Amino acid sequence: MNKYILLAGFLVAFVAGWQVQGWRMGEQIAEANTRTAETLKSIAVAAANKQRELQNELDTKQAKWAAIEAEQYALLRDAEKQNDQLRTDVDAGRKRLRVNASCPASADNLPETGPNSSVDNGTGPELNADARRNYYALRSGIERVTKQLMACQARLR
């Protein structure tokens, strides 16, 4: 019977030890879980702060780019208005387009005239209608490309 009591005592001690070890292990696991949760929380907070910081920086840059773009488009619209105004003024006769031209002075192109004859100067050289349209289109294209290039350069700075 002593054997059985001893065996029962040993079995009770083993089960009690097992239970105590389980509680201690449970506490350690809970403690590890708490530390892990705190670490993950601090990482998440740091990541959220960094994301907000980057978003604010991006918003600032986008606002700056939008202001530059608006300024460049305003300059482009002004240049287009000036070009349109020039076209209107030339068509209305308020301004004239002049072409720097000269007539060749060779004797082959001059008419035979006597010493008393005179030649009328006529009108000054001027662009024909197609050349005039091309002039305005070219001028407008140059202004557009120049302003677009300025906008790209400003954005890259």
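This is a predicted model: local features need pLDDT of at least 70, side-chain atom pairs count only at pLDDT 80 or more; totals for chains, interfaces and linings use all residues.
Local features in the model are reported at pLDDT of at least 70 and side-chain atom pairs only at pLDDT 80 or more, whereas totals for chains, interfaces and linings use all residues. Residues are numbered from 1 along each chain as its sequence is written, and side-chain values use heavy atoms, with hydrogens and water left out.

The secondary structure of the protein chain consists of two helices and zero strands, where helices (H or I, at least four residues) and strands (E, at least two) are DSSP runs numbered from the N terminus. Of the 157 residues of the chain, 8% count as buried, a term that means under 20% relative accessible area, with exposed meaning over 50% and partly exposed the range in between (1.4 Å probe, protein chains only). The accessible surface of the chain comes to about 13600 Å², of which 58% belongs to carbon and sulfur atoms; such areas come from the Shrake-Rupley method with a 1.4 Å probe, and for residues only the protein chains shown count as cover. Among contacts (heavy atoms within 4.5 Å) between residues at least 6 apart in sequence, 82% join residues at least 24 apart.

A nonpolar surface patch of about 720 Å² is made by Leu-7, Phe-10, Leu-11, Phe-14, Val-15 and Trp-18. Patches are built from residues with over 30% relative accessible area and no salt bridge, like charges being joined within 9 Å and nonpolar side chains (Val, Leu, Ile, Met, Phe, Trp, Tyr) within 5 Å. Phe-10, which is found in helix α1 (residues 2-92), is exposed, with a relative accessible area of 56%.

Two aromatic pairs are counted, the rule being that rings of Phe, Tyr and Trp (its six-membered ring) pair if their centres lie within 6.5 Å, with planes under 30 degrees apart classed as stacked, over 60 as edge-to-face and the rest as tilted. Phe-14 and Trp-18 form a tilted pair, 5.9 Å centre to centre and with 40 degrees between the planes; both lie in helix α1, four residues apart, about one turn of the helix. Trp-18 is exposed at 62% relative accessible area. The rings of Tyr-135 and Tyr-136 have centres 5.5 Å apart and planes at 70 degrees, so this pair is edge-to-face. Tyr-135 is partly exposed at 31% relative accessibility, whereas Tyr-136 is buried at 1%.

Lys-147 lies in helix α2 (residues 129-156) and is buried yet has no salt bridge, the nearest side chain of opposite charge, Glu-143, being 4.3 Å away. In this assignment Lys and Arg count as positive and Asp and Glu as negative, while His and the chain ends are not counted. Leaving aside neighbours within four places in sequence, Lys-147 is in contact with Gln-72, Leu-75, Leu-76 and Ala-79.

The structure holds six salt bridges, each defined as a side-chain nitrogen of Lys or Arg within 4 Å of a carboxyl oxygen of Asp or Glu. One of them joins Arg-35 to Glu-31, with the closest N and O atoms 3.1 Å apart, and another joins Glu-57 to Lys-61 (3.7 Å, N to O). Glu-57 and Lys-61 both lie in helix α1, four residues apart.
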